[in-house]
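Please consider the aromatic side chains of the structure shown below and the charged groups that accompany them.

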Amino acid sequence: MSDRWDAIVVGAGPAGAATALLLSRGGARVLLLDRARFPRHKPCSEYLSPATTAILGRLDGVLEAVERAPHAKVYGMKVVAPSGAVMCGRLAGAYSFALPRATFDTILLRAAARAGAVVRESTRVQDLLWDGRAVAGVVARGGGDGKRETWRARVVVGADGLRSVVARRLGLLRASAPRRVAFTAHVAHVAGVDGVGELHVGDTGYVGLGPVGEGVTTVALVVPLRSVRAGGTDYRAGLFAQLERFPGLAGRFDPRQLVRGVLATGPFAQWAERPCVAGALLVGDAADFFDPFTGQGIYAALRGAELAAAALLPALAAGNGSGSLSHAALAPYAAARRREFRSKWLFERLIALGIGWPALTNRVVRRLAVRPDLADLVVGAAGNIVPAARVLAPSVLAQLVS
Ligand SMILES: Cc1cc2nc3c(=O)[nH]c(=O)nc-3n(C[C@H](O)[C@H](O)[C@H](O)COP(=O)(O)OP(=O)(O)OC[C@H]3O[C@@H](n4cnc5c(N)ncnc54)[C@H](O)[C@@H]3O)c2cc1C
């Protein structure tokens, strides 16, 4: 393997695989590392918000591979409030793909390898190498024999998800409210699942569910971290009992139809104080992840990868070909993320906080139930096909709570 890579990408989920693909396509020498062996499962509701489709179309055969794989199409989102009020927003003329992450992430990983990235699975990054104050590479273990290895690169891309070791080693990781954790499963033959996703909000926590193809439904129970820490409830073994607590879900699941064991993840919200330092940048959940309610994480991971590659390729081409990229060279990435995601961050945070407040959720859902135009607007913003800023306009916010 090369002595010094242009880029080492840590994590081969959507953010890392897409960054590696785009950098390799641009002529960079890229090493892509993941602790897992693919296909691997990932706790997720597995819905690719509709704006994701355009990005998949820019990723060398990925859209075609998704279309060929078993998948479902989702045409809108239904939200059931704690009071039982129901609203449904449609994705005006658009739809979302939904498919198991084991399939989707493997499609992306293979596309990155086809573009020229060198992929090392079963390789866990544990630490960073430094040249003075600049990141200069990674320390990892794996490759079958668990041997410690070091690799050097001009830039390290931290795409290693929610509990990013790269962000932690950079000292950038921060946590904020709401602190929630999730338990996810695949269940076959769930009653009443059709072409819309569902979000059921309770007094404590919520459930997201939707079809992912071949008669399978992905289910995610999201609860406050304090409920899990309090003990007394086994959320993994007792997942189906927990689902029965939600009136819109009672009686719809047959526990014998569990086709994939329950996975847990969290806590979120977690974010990095800034997305780049000399020699390193963060993309995807490693950069920020607030809450899964709006289902924007995969879109943000892929769009973030495009922004990262757009900043990195000229920086790599302009450098002297050896040293770590400077903070100034990476600063355009931070600025591009702010421009692209500022409204989305605010929208996502407002919703994440709002659903922790049952009286407010009841009020907004009751309102949206009789205002399908507003319901479509909110669901379109969550799906990234309507700018989030439109929902954040004071006149719209006032209509939502009036
Ligand atoms: C309950 C839940 C439901 C969700 N539902 C949706 C949804 O429906 N739609 C949506 O768009 N988003 C959803 N999300 C968010 C979405 O899952 C994430 O935003 C998305 O996976 C981010 O991609 P990523 O590539 O940044 O990180 P990940 O997908 O987490 O990938 C990170 C990769 O890094 C690897 N890794 C981690 N640490 C190391 C290490 N030390 N060394 C090497 N490799 C490492 C991991 O193995 C993994 O492959 C949901 C999230 C949760 C928790």
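Over the ring of which residue does the charged end of Arg 349 sit? The charged end of Arg 349 lies over the ring of Trp 271, 5.7 Å from its centre. Such a placement requires NZ of Lys or CZ of Arg within 6 Å of the ring centre and within 35 degrees of the ring normal.

The model is predicted: local features need pLDDT of at least 70, side-chain atom pairs count only at pLDDT 80 or more, and totals for chains, interfaces and linings use all residues. Residues are numbered from 1 along each chain as its sequence is written, and side-chain values use heavy atoms, with hydrogens and water left out.

The structure holds seven aromatic pairs. Rings of Phe, Tyr and Trp (its six-membered ring) pair if their centres lie within 6.5 Å; planes under 30 degrees apart count as stacked, over 60 as edge-to-face and the rest as tilted. Tyr 75 and Tyr 95 form a tilted pair, 5.9 Å centre to centre with 55° between the planes. This pair links distant parts of the chain, 20 residues apart: Tyr 75 belongs to the loop between β4 (72-74) and β5 (76-80), and Tyr 95 to the loop between β6 (86-90) and β7 (96-98). Strands (E, at least two residues) and helices (H or I, at least four) are DSSP runs, numbered from the N terminus. Together with Phe 97, Tyr 75 and Tyr 95 form one aromatic cluster.

In helix α9 (residues 327-354), Phe 341 and Trp 345 are four residues apart, about one helical turn. The charged end of Lys 344 sits over the ring of Phe 341, 5.6 Å from its centre.
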